[in-house]
Amino acid sequence: MVNARKRDLQYLGIFIILVVIVNVLSSFLFARIDFTKEKRYTLSAISKHELASLDDDMQITVYLEGDFPAGFKHLRSEVRDLLSDYKAYSHGKLHFNFVNPSLGTEQSNNELYQELTEKGLSPTNLSVKTEEGLSQKIIFPSALVIYKGREMPVNFFQTKMGVSPEEVLNNSVQNLEYVFTSAIRKVKSGGRPRIGFTEGHGELTDLQLADAMNSLQGAFEAGRVDLRSISLEGLAALKVLVVPKPDREFTEGEKYKIDYFLMRGGSIFWTIDNVNAELDSLRGMGSQLAFAKKLNLDDLLFRYGVRINYNLIADMNCSQIPLNVGNTGGQAQIQMVPWLFYPIFMPSSQHPLVKNLDGIRSEFANTIDTIAVKGVKKHVILASSPFSRVLNAPSMISLEMVEQQPDPKSFSGTPLPVGLLLEGTFPSNFTNRPVPEGIPAQAISADKSRPAKMIVIADGDILKNQVSSQDGSPFPLGFDRYTGQQYGNKTFFLNVIDYLTDDSGIIELRTKEVKMRLLDKGRIKSEKTIWQVINVCFPLVLLSILAVVLYVYRKRKYGVRL
C-alpha cells in the first residue's frame, strides 16, 4: 500500500515537472496545427517572410473595440487571432493593442474621428438597438500600422451591395491577411514607388483626382506627368503610368514615350472614354450628340491587344441622378431617377483584383474587344450586367430618356466587357518605324517588352471623385453625393495600384477563401425541440453512466474480500 502511494507521488511529481518544462518551452517556441479544410489559420509564406524581416518594433493599433453586435465581435476576434499569429512570427518585433475611439466626450470623440479619417481610416455607421429604439453609432473597423515613424491605415471591413451580412463578414475575415500583410509591406518599404498621372490632354483635373492621389500618399509618390516635356529617364523612374480620361489627341512622340515605358517593364493603367458625352452638357441643352473622340490611341492599344469601341453602354443596373421633374409653388421638384448610362459594374470574376469588391460606379462607359497577341494573357475583370445593351456613336442622347420605360427584351443578353487585365511581353508599336520628332535618335524602343502588366478600363470617370457644390471640397472616390452610396471605386483603384507595383505576389492573398458553414434555418425550426432535449438530457445520461462505471471499478478494486 505504501509503495503504491509512493509510486503515485513520483508519477505526479514527474507530470508536474513535464508541465512546467512544456510551458517554459512554449514561451520561446510557436507551433500550430491547422485542422480546417481551407487552412484558414495558416499564414502564407509571404506573410511569414514580411514579419520575420522586421528589424525594428512595429505597433498596430486596432480601433475596433467597444460594445458591438455579434458580427463585429466575431470580426474583432478574428483580427486579434491573426495579429497574435503575426506577433509570434515577428520574433517579438510586432506589438498590437485594441482601442475604443468612443470613450470620451462627444466633442473629443468627434475630434478623434476627424483625426482618424484624415489618416485614412474609414468609419462605418452602425445601428444599435437600445431600450429607446435604434441609435446610430460610429465605429472604425480599421487599424493603424506604425513603423519607424511611418504610418499606414488598414481598413478591413469589406462591404458589398446585395449580399447578406453573413457574407459581408465572411468576405472581411478572408481578406484580413491580405490587408494587414500589404500594409506591413508598404510601411516597411523605405523607397516609395512613383505613380504618374498624365496631363496635357484634357485629363481629369487635380481636384477630380484629389482622393485618388491622396489615397496613395504614404505608400507611394503620386504626381502629374506631362508626356510632352518629361524625359525618357524621368519615365524610367516611374513604376506605374495612369492615363485618366484624356479628351485630346496624343502626338506620335507622346505615344512613343508610352511605348518606350512599357517596353522597359513599366505598368500602365488606362481609364479612357472613346465617346464624348457628359451629363452637364445634357442638363444645359437637354440633349447631346454623343460622338467619337479623336485620341489617336487606337493603333497603340490595338497593338497591345485591346480595342475600345465607339459606343455607350446602357445598363438597367445603374445609379441614379437628380432631375428636375417640374415646379410646385415656384419651387423646383427634384427627383432621383435611374440613368441607364451610369452603369454599376458588379465584379463577378474571382481574380484577386476584384474578388468580393463592391459595385463600381461608372459614367458613359464603352465596351472593350480583345485582339489575339502572342505572349499576352488577358483577363476580363469588369463587365456590365446581363441586362444591358449598346448605343453606337454618333447618336443623340437626351434626358427625356428617363421617361421611357426600358424594354426588358432589348436589354437581355450577355455581360459586356469593360475592363481588362493584360500581362506578358507586349510587342512594340514602333517596330520598323522611324523615331518620331522630338525623341532622341539613340532612344530606340525594343521590339518586345520585358514582362509587364497593363489594365484598361473603358470608362474615364471611374477615378473621378465628386466635388461639393457648397465649398468645392472633394468627396471620397466612389461616393455618390446624391444618394449617399459608397461604391467600390476606391478599393478597386488601390487594388490596381497594388497589383501593378507588386513583385512579390501579395495580391494573391486575396484568393484566400473561408467557406461559410451556416446552420440550416429550416431544420432549426423543424427540429428545435429534438435538439433541445438531446442537449439537455445527453450530458446527464453520460454523467450517470460514467458514475456507475466508476463506482463498479472502485468497488472491485478496493472492495474487501472475505
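# Reading helix contacts, sheets and pockets

User: Which residues of α3 meet α5, and which residues of α5 do they meet?

Analyst: On the α3 side they are G71, H74, L75 and E78, and on the α5 side L169, S172 and V173. Contact means heavy atoms within 4.5 Å. Helices (H or I, at least four residues) and strands (E, at least two) are DSSP runs, numbered from the N terminus. The model is predicted: local features need pLDDT of at least 70 and side-chain atom pairs pLDDT 80 or more, while totals for chains, interfaces and linings use all residues. Residues are numbered from 1 along each chain as its sequence is written, and side-chain values use heavy atoms, leaving out hydrogens and water.

User: At what angle do the axes of α3 and α5 cross?

Analyst: Axes are lines fitted to C-alpha atoms, for helices over the stretch in contact, and angles run from 0 to 180 degrees between N-to-C directions. Here the axes of α3 (residues 70-89) and α5 (residues 165-174) cross at roughly 10° and come within 10 Å. That crossing makes α3 roughly parallel to α5 (under 35 degrees; over 145 is roughly antiparallel, 65 to 115 roughly perpendicular, the rest oblique). By class, the contact of α3 with α5 has 3 nonpolar, 3 polar and 1 charged residues. Ala, Val, Leu, Ile, Met, Phe, Trp, Tyr, Cys and Pro count as nonpolar, Asp, Glu, Lys and Arg as charged, and the others, Gly among them, as polar.

User: In what order do the strands of the 7-stranded open sheet stand?

Analyst: Two strands pair if DSSP finds at least two bridges between them. The order is β8-β7-β9-β10-β23-β22-β19, and the pairing is mixed. β8 (221-226) and β19 (376-383) are the edges; each has a single partner strand, so one side of each is left without a neighbour in the sheet. From one strand to the next, the twist averages 20°. K378 has L422 in β22 as its bridge partner.

User: Which strands does helix α9 lie across?

Analyst: Helix α9 (residues 252-263) lies across β9 (240-244), β10 (267-271) and β23 (452-457). The helix runs at about 135° to β10.

User: Why is one side of β11 and of β21 left without a neighbour in the sheet?

Analyst: The sheet is open, with 3 strands in the order β11-β12-β21 and antiparallel pairing. β11 (275-276) and β21 (395-398) stand at its edges with a single partner strand each, so one side of each has no neighbour in the sheet. Strand β12 (residues 287-292) is joined to β21 by 4 bridges, and Q288 stands opposite I397 in β21. The loop between β20 (388-392) and β21 holds P394. The peptide bond from A393 to P394 is cis, with omega near 0°.

User: What lines the second largest pocket, and which element gives the most?

Analyst: On a 1 Å grid over the protein atoms alone, a pocket is an open set of points with protein on both sides within 12 Å along at least five of seven lines; a cavity is a set where a 1.4 Å probe fits but cannot get out, and lining residues have an atom within 4 Å of a point. Grid points are joined across faces, edges and corners, and volume is the space filled by probe spheres set on them. The second largest pocket holds about 470 Å³. It has 23 lining residues, and the closest to its centre are Q208, E278, D280, E363 and K464. α10 (279-285) and β15 (318-328) are the elements that give two or more residues to this lining, and α10 gives the most, with 3. By class, the lining has 8 nonpolar, 4 polar and 11 charged residues.

User: How many cavities of 30 Å³ or more are there?

Analyst: The count comes to 4. The second largest cavity has about 90 Å³ of space, and its lining includes R361, D461 and F479.
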